[in-house]
Amino acid sequence: MSKKLKRCVVCGRRYRPDPRTARTQKACPRRSCRAECVRRKNASWLKRHPLYGKSRRLKIRAWAKAYPDYWRFYRAAHLEYRIREMRRMSTKRREARRVAKQTAISRRLDGVVEYLLWREAVAKQTAMAPGPRAGDTKEDENRSRKQRQLGKNPRASRRRLPKELPP
Ligand SMILES: [Zn+2]
């Protein structure tokens, strides 16, 4: 039996390693330290193999396509699995609906803010621009010119807010 003590990487206490695995053992024999050590090793492995989850999902999906009846029979035989899965999917769908609703509300608010800014910009332009605008009739133009000659701003009295909302 090895007499050398090692220091546990989880709790930091000294321990006597198992003589069969002394070379690779990293954690003391406490159950919680062992579990934590395994968890860290798995996490580090997944970090070094980032495509593992994706390729595994593809494999599982391909397998399910090749054996379409497997889950149907499994569900029929395992009622508690069906109930658990029903609850899990229900929670998942509810969360998805909540997120969708939140997104819709914030989009609508964005639209309102955009409209208010646009309205303000139009009102400012209307108040400031004395000349003819695109869409003015010949008559409007003549009136504008006459009023300019008289030293009046033709738009000042006609300032109004747009009737239509922007698209
Ligand atoms: Zn430990």
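Predicted model: local features only at pLDDT ≥ 70, side-chain atom pairs only at ≥ 80, totals over all residues.
Residues are numbered from 1 along each chain as its sequence is written. Local features need pLDDT of at least 70, side-chain atom pairs count only at pLDDT 80 or more, and totals for chains, interfaces and linings use all residues.

**View 1. The elements of the protein chain.** The protein chain holds 5 helices and 2 strands, these being DSSP runs (H or I, at least four residues, for helices; E, at least two, for strands) numbered from the N terminus. Their order from the N terminus is β-β-α-α-α-α-α. Of its 167 residues, 3% are buried, a term for residues with 20 or more other C-beta atoms, placed from the backbone, within 10 Å of their own.

**View 2. Helix α4, residues 79-128.** This helix of 50 residues reaches 74 Å from its first C-alpha to its last, close to the 74 Å expected at 1.5 Å a residue (1.5 Å times one less than the number of residues). The number of its residues that are buried is 0, so α4 lies largely in the open.

**View 3. Helix α1, residues 31-48.** The end C-alpha atoms of α1 are 26 Å apart, in agreement with the 26 Å that its 18 residues should span. The number buried in α1 is 0, so this helix too lies largely in the open.

Terms used: Buried ≥ 20, exposed ≤ 12 C-beta atoms within 10 Å, placed from the backbone.
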